[in-house]
Amino acid sequence: MASSRHIFQAPKGMRDFFPEDMAIRHHLEQAWRSASIRHGFDEINGPTFEHLELYTIKSGDGIVSELFSFQRSGGQTDYALRAEFTPTLARMVAAKGRSLTVPTKWFAIPDLFRAERPQKGRLREHRQWNVDILGVAGPEADAEVIAVAVAALRGLGLGPEDIRVRISHRGAAASMLAALGVPEDRMTEAFGLIDKREKLPSEVFTEQAAALGLQASGVAKLDEMTGSRISGDQPPASIAKTHGLPVESVAELDALASELDKRGLLPFCDWDLGIVRGLAYYTGTVWEIHDARGAFRAIAGGGRYDGLVEMFEGPSTPACGFGMGDVVLALLLADRGLLDGDVSLCPRPDVFVLSSGHDQAEDLLVPISTGLRDIGLHVRHTWKATRNIGKQFKEAGSCRARIAVVLGEEVGSGMASVKDLDTAEQFDVSLGDLPTWITRRLAGGVERA
């Protein structure tokens, strides 16, 4: 008879997180949370699923195919797992109305879900860092959220040779398209095409650009304009002059350049009219962070979305922010050798307690471990049947413990042998002094061998 056994796996596009995977996740989140807090942002979160209308009200019914949507059994209300956090944020801001302080600086690290075909760097589930400033219309807010993003990436070991913040403006892009002959009623379609440009074969891009009504020369000019960028140390007006655009179309980028310069960020930046962000709610400055070598999808993306809060019946609220997912970022860090073998990111035990197998040592193994845990230390001991000290030391080393406490025959006289596994120094310590001695040692206190 054929076996009926079924081997279950995680759903396609979803992930299992083993200890080393969780260590990477916590490593990323620590960098995100630390950068947010240092820059004065408060953490928020929202529900894992929302009313489906929250997404269709701004994106239309076409977005439903991209969502995991459902109805409660026997219910009439449509829901969807959240695919992005910005609509939740806008709803929360609208609910608070004018009671919020100005500026409101919030960040969140939610799980997001997309009902689409998984690809490299884009899964059906991921964790995303969202950072937003609300209530400030000037470029200082845009510069501040870019500063937070760069601070986190620098904290993870990435520099301007690894990442580029590619900055544009929807108004400048609209001026470019209008100059090429794209009609006003097709601007949204044109923005979508530019947003996909780097992912499309050249012949497909040419075909879709022609469908916008552009002649061959216009298609070539669009390809040239959206494919060129200049470094942040040059004024944004340079890119306007290069392409024959009105200088006033990049006036807001000039003001942003000054704010970025104050924060020392221009070495990370490029001015790039090929960045437009496909979502319709963006209204001004837009930007993405990319791998400088171009091997991966965008690491982060954001911009200004004045007007979104009003769509949810909230007060007029200028706003800007960004989202950064964990999938591409982890791929980039691994590519640069910045995850350091994964396991090294797991928490190091402070103490590993070993037993020689003598009766008194066995009786003390758990009580001593418990006592050290009670004072806040991370303590482990072997669960193996063997009492071979060499094998237990190997186990302590494999989990990268800092200190080993060996319970041998000497426990009968109230003593234990203690070894600093980082320096290989050994000490005899009384059992009663163990907690104080270990705490001092871990804090950098010097003991005599």
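Two strands pair if DSSP finds at least two bridges between them, where strands (E, at least two residues) are DSSP runs numbered from the N terminus. The model shown is predicted, so local features need pLDDT of at least 70 and side-chain atom pairs count only at pLDDT 80 or more, while totals for chains, interfaces and linings use all residues. Residues are numbered from 1 along each chain as its sequence is written, and side-chain values use heavy atoms, with hydrogens and water left out.

**View 1. An open sheet of three strands runs in the order E2-E4-E3, with antiparallel pairing.** Strands E2 and E3 (69–71) stand at the edges with a single partner strand each, so one side of each has no neighbour in the sheet. E2 and E4 are joined in the antiparallel sense over three bridges, and His 51 stands opposite Tyr 79 in E4.

**View 2. Phe 49 and Tyr 79 form an edge-to-face pair.** Rings of Phe, Tyr and Trp (its six-membered ring) pair if their centres lie within 6.5 Å, and planes under 30 degrees apart count as stacked, over 60 as edge-to-face and the rest as tilted. Here the centres are 5.4 Å apart and the planes stand at 80°. Phe 49 belongs to strand E2 (residues 49–51) and Tyr 79 to strand E4 (residues 78–81), so the pair ties together parts that are 30 residues apart in sequence.

**View 3. Charged side chains sit over the rings of Phe 191 and Phe 393.** A charge counts as over a ring if NZ of Lys or CZ of Arg is within 6 Å of the ring centre and within 35 degrees of the ring normal. The charged end of Arg 170 is 4.2 Å from the centre of the Phe 191 ring, whereas Lys 419 lies at 5.3 Å from the ring centre of Phe 393.

Definitions and conventions:
Helices (H or I, at least four residues) and strands (E, at least two) are DSSP runs, numbered from the N terminus.
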